[in-house]
Amino acid sequence: MTRLIPQQSLAWKALGLLVISFAVYQNLWVIDARGFFMADDWGTLHAAQFRSWDRLYNFTLLPRTFYLDRPVGIAVIKIAYDLFGINYSAFGFVWLLLHLLNCYLIFLFTRNYLSRTGAFAASILSGVWFSANTALGWFAAINDIICATFCLATLVLHQSAIRRRSAFLFILQIAAQILAIRSKEIALGLVIPVFLTGILLEKLKIREALRFNVSNILLTMVYTVQYLSVRLNESFNSD
């Protein structure tokens, strides 16, 4: 089977380093000391300051509320605040690292299907596209960045699991998918690109692709039912 990461060459390593360097250069404004927290950043920081870990969020596997039950993102905020206080540049540095990781995950995923130029272009566009990078300087939007990280990790791990027929990688993929959903509910739709990766990119037959995606489909169904159940309970209680 084809390996997830093709044989490393100097050209591929240089392109990966160039992607990261260019994304850093284009987003240095994030760590500029002249910037500062804004809007609902302060509400998130207030929670990080005055709520203990056990009161901050109930870190449950399944959601207990329909909206803003996103413990993964708030945990990142809490850790960053405990480490850096209100040091804006330090927050920006952490967020920039997450952004660079996302760019590199795109590079890892696309270089198995595109030319070096194509993989480089996809990664660079993800790194510098202004409208998509708003969350970099808006720390309360951590859920967008961290959800993207786990969504991309899910795709890369699924790709690797298919190629290597590795049960361990499938388990890691499920873990990444759960973290993505608990970062932001939009990740419930992740099952679609994961399934299409097998059919369109890995050239699997539909039956084989379904077999590789049984756990993803069941996981999505469980979380969808849970969210709907929570929403109905909230509606009944409000009445």
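Let us start with a pair of sulfurs: the sulfur of Cys151 lies 3.9 Å from the closest cysteine sulfur, that of Cys147, which is too far for a bond. A disulfide is a covalent bond between the sulfur atoms of two cysteines. Here a disulfide is counted when two cysteine sulfur atoms are within 2.5 Å, and by this rule the count comes to zero. Cys151 is buried, with a relative accessible area of 16%, and Cys103 also counts as buried, at 1%. Buried means under 20% relative accessible area, exposed over 50%, and partly exposed in between, using a 1.4 Å probe and protein chains only.

Before going on, a word about the model. This is a predicted model, in which local features need pLDDT of at least 70, side-chain atom pairs count only at pLDDT 80 or more, and totals for chains, interfaces and linings use all residues. Residues are numbered from 1 along each chain as its sequence is written, and side-chain values use heavy atoms, with hydrogens and water left out.

Now step back to the whole chain. Its secondary structure comes to eleven helices and zero strands; helices (H or I, at least four residues) and strands (E, at least two) are DSSP runs, numbered from the N terminus. Of the 239 residues in the protein chain, 46% are buried. Contact means heavy atoms within 4.5 Å, and among contacts between residues at least 6 apart in sequence, 76% join residues at least 24 apart. For an example of sequence distance and space, take Tyr88, found in helix α5 (residues 88–110). Tyr88 and Phe36 are 52 residues apart in sequence, yet 5.8 Å apart in space, C-alpha to C-alpha. Tyr88 is buried too, with a relative accessible area of 7%.

How far can you trust each part? The predictor's confidence in each residue is pLDDT, from 0 to 100. The protein chain averages 81, and 83% of the residues score at least 70. Over residues 1–7, pLDDT stays under 50. Where pLDDT is low, the predicted coordinates should not be read in detail.
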